[in-house]
Every structure is written in structure tokens, then in C-alpha cells.
Amino acid sequence: MAMFDFSLDKLREYRPEVAAPADLVDFWRRSIEKARTDDLSATFTPIDNKLAVVDTYDVTYAGFGGAPIKGWLHVPAGTTGPLPTVVQYFGYSGGRGFPHTTNLWAQAGYAHFLMDTRGQGYSSGNPGGTPDDSAYAGLNHAPGFMTAGITDPETYYYRRVYIDAVRALEAARTSPFVDPDKIIVTGGSQGGGISIAAAGLAGLAGIDLLGCAPDVPFLCHFERALQITDKDPYGEITRYLKGFRNEVETAYRTLSYFDGVNLGRLATAPTLFSVALMDAVCPPSTVFAAYNAYGTASDAEVAKDIKVYSHNEHEGGQTYQQDAQLDWFAKVFEGAS
């Protein structure tokens with residue numbers, strides 16, 4: 001894949017007009033309040049993870065609609081008190097998988113909370129354990145999750161996922177191993193998009209985050225993505241609208257409530273993004289649109305940085321980005337001590 005998007009200089013200045021619905025904040029405040037009518041019911045059950053240096057807890061909590069959401073909480077072995085915490089969200093089709101597969105941040109000395117993405121998990125080598133059996137899923141949608149309930153923001157799939165993500169923060173904060181004042185959210189691709197949403201919505205939920213680290217984030221600047229890439233998962237929306245020709249305006253209106261450009265504007269936590277300039281799955285201009293908008297609704301300047309991988313596709317920086325995150329997380333957590 002050659003570089004196909006704007007030049008890096010233009011990307012750094014790219015600030016498109018992404019229309020935000022007038023009731024964006026009211027919609028999400030109401031969604032959070034609706035979720036809180038169900039008891040959080042967070043439980044942390046110790047399991048044998050077959051590892052010597054990390055302890056793992058099987059997590060269940062009530063997400064959107066009271067649905068039981070699964071996760072893992074990893075901590076350094078023998079931990080007894082609260083730790084700085086990394087809450088991680090997964091890429092499209094990913095899930096918590098086996099407890100031994102994703103625990104880097106516990107190895108670094110932090111509490112590491114992983115949220116299952118409802119209905120997904122089929123690429124993780126082990127079922128995620130969180131179905132999406134909501135009645136809100138809608139009648140018609142293309143195979144996948146991108147168009148489930150897309151005719152109305154009330155029923156759209158990512159309303160449930162984003163609220164699950166906020167509830168994950170609430171659940172994590174109830175654990176005695178988690179310092180509720182020292183939480184960073186992170187994730188790659190879909191997980192990056194969810195982390196941007198969580199950072200934007202955290203303030204509406206009364207939660208102060210220390211940082212947000214979206215890696216090659218998905219779910220940003222939908223309109224631009226559909227114009228320049230036919231790669232999935234964005235391609236699911238194109239295929240749906242190819243059939244339902246009369247729902248283009250309706251679909252774009254729904255997506256505006258979930259766009260990382262609009263939700264990222266609401267964020268106040270410092271951020272470290274990453275972008276790959278040959279990424280046809282999450283095109284660079286969509287990532288920079290979210291990055292350049294991030295934190296701009298705040299009265300105070302929000303600290304932010306972006307790592308650019310010039311010759312990579314959607315894999316992005318991988319271990320190079322993890323190395324950058326290890327340094328950045330340590331700095332952020334140390335600064336809050």
C-alpha cells in the first residue's frame with residue numbers, strides 16, 4: 001500500500017467541519033443516566049491464569065441495559081493496594097481472550113483492566129464471553145456491527161459499546177487494586193476509537209482521567225473514511241447504503257453522535273495518538289481529524305502528541321508504539337503522584 005492520503009504537512013493542519021448534533025451532550029448525559037438505573041454489580045473473581053508474575057481477576061459488571069459485560073483485571077502478583085491503572089479496549093472482532101494473552105501493563109507494574117466488546121471476540125482465539133443480545137439492534141444491517149441499529153442513535157450498536165466503556169471505568173474504580181484518580185484509557189483501531197469516546201464521555205460521567213492513548217484509531221470522521229476507503233469495517237456502511245439508498249442522510253446523522261472527532265473535542269485528559277500513513281483501514285486523514293479536534297472544547301489547553309509511522313499500514317507502530325506508551329504512561333502517572 002502506497003501513501004494515498006494527504007501529505008503529512010496537510011494532515012497536521014487538517015481540521016474538517018464535522019457536524020455535531022445540537023443535542024450531542026444531552027444524548028450522552030441521558031445515555032449515562034439510563035445506564036446508571038441498573039446497579040453496576042461489579043465482581044472480581046480470582047482465577048488461575050497459569051502465570052507466576054501476574055494475578056488475574058475475572059470481571060463482570062452491568063453495561064448498557066444492564067447487560068453483563070466481561071473483562072479481566074490483571075495486577076502484578078501479590079498486589080494488595082491501589083495502583084495506577086490502564087483500561088484497555090479491543091480492536092474490531094477482538095475480545096479479552098485467554099488471560100495470558102494481553103497483560104503488558106500489569107507487567108509494567110500497573111493494574112490492567114480489559115473490557116470485552118459485546119458481540120465480538122471471535123478473532124482472539126477464545127470466545128469473549130459477552131453477547132450483544134439487545135433488542136435495540138434494529139431490523140436491517142449489513143453483516144458485522146457497523147450498521148446494527150444505524151437508523152437511530154438510540155438503537156445504534158456503538159451506543160451500547162460506548163456506555164459499556166464508561167461503565168468499565170466505573171467498575172474499575174470499585175476495585176481495591178485500582179487508584180480511581182490514576183486511570184489512562186487506551187486501545188488500538190476500534191479500541192482506539194472507544195478510548196477517544198471514553199475520554200470524551202468521562203467528564204459527563206464525573207470521572208477525571210489522567211490520559212488517553214488511542215493507537216491508529218477507528219470510528220473517526222466517518223464521512224471522509226467512506227469517501228476514500230472501501231476496506232472493512234467502514235466498507236460495511238458502504239454496502240448497507242448501497243442497498244438502503246434512502247437512508248444515507250439518516251445514517252450520517254446517527255454516526256455524528258459516535259464520531260471520534262465530535263466526542264474527542266469533549267476530552268480534557270492529555271493524549272498520545274498514533275497514525276500510520278499507509279493505513280487504508282483507518283485512513284490518516286480520519287485519525288488527524290480526531291487528533292486535531294481532540295480537547296478543543298476545553299477552556300484549557302490539552303496536552304497532546306501523535307506518533308507517525310510513515311511506511312506502515314494498519315498495524316501501525318506495534319512494539320514501537322508500545323515502547324512509546326511505556327515511557328508516556330510512566331511520565332503521566334509520575335506527574336500525578
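User: Which residue of β8 stands opposite Cys212?

Analyst: This is a predicted model: local features need pLDDT of at least 70, side-chain atom pairs count only at pLDDT 80 or more, and totals for chains, interfaces and linings use all residues. Residues are numbered from 1 along each chain as its sequence is written, and side-chain values use heavy atoms, with hydrogens and water left out. Strands (E, at least two residues) and helices (H or I, at least four residues) are DSSP runs, numbered from the N terminus. In β8, the residue opposite Cys212 is Thr271.

User: How many bridges join β7 to β8?

Analyst: Two strands pair if DSSP finds at least two bridges between them. β8 covers residues 271–276 and runs parallel to β7. The number of bridges joining them is 2.

User: What is the bridge partner of Thr186 in β7?

Analyst: β6 and β7 are a parallel pair, with 5 bridges. On the β7 side, the partner of Thr186 is Ala213.

User: Are the residues of strand β7 buried or exposed?

Analyst: Relative accessible area decides this: buried is under 20%, exposed is over 50%, and partly exposed is in between (1.4 Å probe, protein chains only). Gly211, Ala213 and Asp215 cover one face, Cys212 and Pro214 the other. In β7 (residues 211–215), 5 of the 5 residues fall in one class, so the strand is largely enclosed by the rest of the structure. That class is buried.

User: Which residues lie nearest the centre of the largest pocket?

Analyst: On a 1 Å grid over the protein atoms alone, a pocket is an open set of points where a 1.4 Å probe fits, with protein on both sides within 12 Å along at least five of seven lines; lining residues have an atom within 4 Å of a point. The lining has 24 residues. Nearest the centre are Gln88, Gly187, Gly188, Asp215 and Gln322.

User: What is the volume of space in the largest pocket?

Analyst: Grid points are joined across faces, edges and corners, and a volume is the space filled by probe spheres set on the points. For the largest pocket this comes to about 600 Å³.

User: How many polar residues are in the lining of the largest pocket?

Analyst: Ala, Val, Leu, Ile, Met, Phe, Trp, Tyr, Cys and Pro count as nonpolar, Asp, Glu, Lys and Arg as charged, and the others, Gly among them, as polar. The lining has 7 nonpolar and 2 charged residues. Its polar residues number 15.

User: Which helix gives the largest share of the lining of the second largest pocket?

Analyst: This pocket has a volume of about 200 Å³. Its lining residues include Glu17, His221, Tyr252 and Asp259. Both α6 (222–228) and α8 (248–256) supply at least two residues. The largest share, 4 residues, belongs to α8.

User: What is the phi of His221?

Analyst: His221 sits in the loop between β7 and α6. His221 is buried, at 7% relative accessible area. Its phi is positive although the residue is not a glycine, with a value near 50 degrees.

User: What is the phi of Lys50?

Analyst: Lys50 is in the loop between β1 (43–47) and β2 (54–62). Lys50 counts as exposed, at 75% relative accessibility. Lys50 is not a glycine, yet its phi is positive, at about 70 degrees.

User: How far is the sulfur of Cys220 from the closest cysteine sulfur?

Analyst: A disulfide is a pair of cysteine sulfur atoms within 2.5 Å, and the whole structure holds 0 of them. Cys220 is buried at 0% relative accessibility, and Cys282 is buried at 0% too. The closest sulfur to that of Cys220 is in Cys282, too far for a bond, at 7.6 Å.

User: Which residue does a cis peptide bond join to Asp232?

Analyst: Omega of this bond is about 5 degrees.
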